[in-house]
Structures are given as structure tokens and as C-alpha cells.
Amino acid sequence: MKVGQIKKIAVVGAGLMGHSIAQAFAQEGFPVNVTDAFESALAVAKDSIRSNLVTLVEEKFMSESELEQTLGRIAIVKDLAQAVRDADFVTEAIFEDLEAKQNIFKEMERFCAPDTILASNTSSFRMTDISSLMTRPERAITTHWFNPPHLVPLVEIVLGEKTSEETCQTAQDFLVKIKKVPVRVRKEIPGFLINRIQAAMNREVYSLSEMGIASAEDIDLAVVASLGFRLASLGPLRIRDLAGLGVTCKVEGELLKEINSSTEAPKILRDKVTRGELGTKTGKGFFEYTPESVEAIIKKRDRQFIRRLKELYRS
Ligand SMILES: NC(=O)c1ccc[n+]([C@@H]2O[C@H](COP(=O)([O-])OP(=O)(O)OC[C@H]3O[C@@H](n4cnc5c(N)ncnc54)[C@H](O)[C@@H]3O)[C@@H](O)[C@H]2O)c1
């Protein structure tokens, strides 16, 4: 399969990630079948896509007529076989469960053409394992998107042991075609690139919070107004080159002795989970929420992401 042959898309699993991944394909002109094991999830997905698109119109990222055209390209399909049958590129975004993913890849293979590319949005499993029941694992690949997928540019690409170079090249070309930023991860390691980097930073963030070094509000404010501000434009390695590697070597050499190096889920997180404080979902996490405040935070986040996307990636 070459990139020019990709005409039709299917997305399997229409939850938080799947609905927005489907939208990303449809926004760039591709017809997309969206399917899910639960009909209720499909109804929510449709409403969520419309609501995401309204924010894009409000921010003048697209016109009203482009919104309608995008919606018109998305078909809600209840049956898996029907959803994937004529797709050239399928993205799976079902629950993070290895057995479920293995089974769905095996099933999708039965229904699709032999050269359809089958991609997984898995956060933690190796494609080598997901594709272990397939007869043609060379067309299976991990494409790992970031929430919200229709706005965050990066998609990590990870090959399984049997994924072909052609599958990788086509997936990469296709993601560029729909204006994403694909980055190839050279080894199938847990967490790929970004979740590892994020976990390393978060370990210290939880530890600082647990030690009471600053309030939760101030930790977030400090990170957004420094690391966040810089990292929107420059990568961490470039930032170090600009700072000077001599001073970096000295400072980090001292600090690494001091900062948290635990290999367990931190107590502050375990305690919150035990108390049922799971974040916005339950109204309390590091901060407290009402349904209205969650909606306002997501709207503000999306508006700022759209402006950043326009300025940094679409100008
Ligand atoms: N949430 C994130 O920020 C994030 C980021 C990157 C990757 N991921 C990965 O994306 C995938 C989906 O995560 P999510 O957060 O969207 O989960 P989610 O629970 O919001 O959505 C999963 C959807 O899959 C559906 N589903 C489950 N089994 C199915 C099946 N057999 N056939 C069809 N549909 C099925 C569910 O009904 C649900 O709607 C997971 O593999 C997750 O690890 C999540």
C-alpha cells in the first residue's frame, strides 16, 4: 500500500481518543467509518466531534461549511466488518487490553483487503504482541496519538518485529498528508518516547508536591510559565545547547543526587486513587472540579491549542 492509494479510513473504538482521531482524518478530506462495541459510545462520539468542530469554527480554524463537510465525511457504523471492509487504513483505539487488541486485529484482518494498514493507538503494548495472532503482521503498526488527537501534532510510530518498512513509510507519509508530525521510535520500548519523558518529570512533580515544597497551584503555574513556555518552541536538547552543556553537566550532576528516583507509583497518587479522587472524572484530583468548571477548562485548553497549532504548525 502506497500513500496515494489510501482513500478510505476506519476507526475502531470511538472513546476519548477514537472520536478525535476520526475527526483528524475527516478534517483533511478523508471519509471515515467510526465503529464501537457500544452504541452509546457512538452517540457520544458524534456529539463530541460536533462540539470540537464548533470550537474550531469559533477560532476561525475552519468555516461553517467546512464543519458540515467534515461531519458529512464521518459515518457511524455499528458493525465492525462493515466499518473496516473497504478501508485502506484502520486505526484501532479500543480499551488498553492486550487480549482484546489481539482479537480485534485478528478479526479486522479477516474483513479487510490483504494490504490494508492496521494501526493501533496502544499506549503500552508492543505491536509484536498485538499482532501475534495475525497471518499478515507486516501490515500492522503502532501509531500513538496524544490527547486531544485532532489538535496535538505528534504521532509516535513504532514498528513490531514483523512490521514491514513499506507499512512504516506509508503510515508516516499518510500522517504527514493529514498534517500531523510523525516521529519514528526505533525500538519497541515501554512508553515509547513521550510517556517515558513525561513519567520522569511527573515523578519529581509528585515528590515536590508530597514534600510540600510548593502548592499544587504554584507547581503548575511555575511549569507552565517556564518549561511549558519554552518547550512549545524548542526541544529539551536544543534548550540545553543554548544554555551550554558545561553548566548543564555541572548542575544536573549535582541535582540528580537529590531528586526522586523511586520505581513505584508515588504514595500521593496511590492515596488519591484509594480515596476515589481520580481527577476531573470524580470532581477531585490535585484540584476540585464541578462539571461546569471541567467544561470551561477543556474549552480554554482547546482554544489555546488551536491558536498554538495555527501559529506554530500551519503558518
Ligand atoms: N486517553 C489518552 O490520553 C490516550 C493517549 C494515547 C493513547 N491512548 C490509547 O488509546 C486507546 C483508547 O483509549 P481511550 O482513552 O480513548 O479509551 P476510552 O475508554 O475512552 O475508549 C475506548 C472505546 O473503545 C470501545 N471498545 C472497547 N472494546 C471494543 C471492541 N472490542 N470493539 C470496538 N470498540 C471497543 C469502548 O466502548 C470505548 O468507547 C487505548 O489503547 C489507550 O491506551 C489513550
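I shall speak about the ligand shell, then the salt bridges, then one loop glycine and a surface patch.

First, the conventions. This is a predicted model, in which local features need pLDDT of at least 70 and side-chain atom pairs count only at pLDDT 80 or more, while totals for chains, interfaces and linings use all residues. Residues are numbered from 1 along each chain as its sequence is written, and side-chain values use heavy atoms, with hydrogens and water left out.

Let us turn to the ligand. Around the ligand there are 20 residues, of which Met17, Asp36, Glu96, Lys101 and Ser123 come nearest; a residue belongs here if one of its heavy atoms lies within 4 Å of the molecule. The shell comprises 10 nonpolar, seven polar and three charged residues. In this division Ala, Val, Leu, Ile, Met, Phe, Trp, Tyr, Cys and Pro count as nonpolar, Asp, Glu, Lys and Arg as charged, and the others, Gly among them, as polar. Helix 1 (16-27), helix 5 (98-111) and strand 6 (140-145) each contribute at least two residues to the shell. These elements are DSSP runs numbered from the N terminus, with helices (H or I) of at least four residues and strands (E) of at least two.

Which atoms of leucine 16 and methionine 17 lie by an oxygen atom of the ligand? For leucine 16, a backbone N or O atom lies 2.9 Å from a ligand oxygen. For methionine 17, a backbone N or O atom is 2.8 Å from a ligand oxygen.

Lysine 101 leads us to the salt bridges. The whole structure holds 25 of them, each defined as a side-chain nitrogen of Lys or Arg within 4 Å of a carboxyl oxygen of Asp or Glu. Lysine 101 pairs with glutamate 92, at 2.5 Å from N to O. Is this pair buried or exposed? Glutamate 92 is buried at 0% relative accessible area, and lysine 101 is buried at 1%. Here buried means under 20%, exposed over 50%, and partly exposed in between (1.4 Å probe, protein chains only).

Glutamate 277 and arginine 275 form another salt bridge, at 3.0 Å from N to O. Glutamate 277 is buried at 13%, whereas arginine 275 is exposed at 52%. Elsewhere, a network of salt bridges links Glu58, Glu59, Lys299, Arg303 and Arg307.

Next, the loop glycine. Glycine 160 sits between strand 7 (154-159) and helix 7 (165-177), and it is buried, with 8% relative accessible area. Its C-alpha is 8.7 Å from that of lysine 187, although 27 residues separate the two in sequence.

Finally, the surface. Val181, Val183, Leu193, Ile197, Leu312 and Tyr313 make up a nonpolar patch with about 480 Å² of accessible area together. Patches are built from residues with over 30% relative accessible area and no salt bridge, joining like charges within 9 Å and nonpolar side chains (Val, Leu, Ile, Met, Phe, Trp, Tyr) within 5 Å. Strand 8 (181-185) and helix 13 (291-313) each supply at least two of the patch residues. Leucine 193 lies in the loop between strand 8 and helix 8 (194-210); at 38% relative accessibility, leucine 193 counts as partly exposed.

Conventions:
Accessible areas come from the Shrake-Rupley method with a 1.4 Å probe; for residues, only the protein chains shown count as cover. A polar contact is a pair of N or O atoms within 3.5 Å; within protein, one must be able to donate a hydrogen and the other to accept it, and residues adjacent in sequence count only if both atoms are side-chain atoms.
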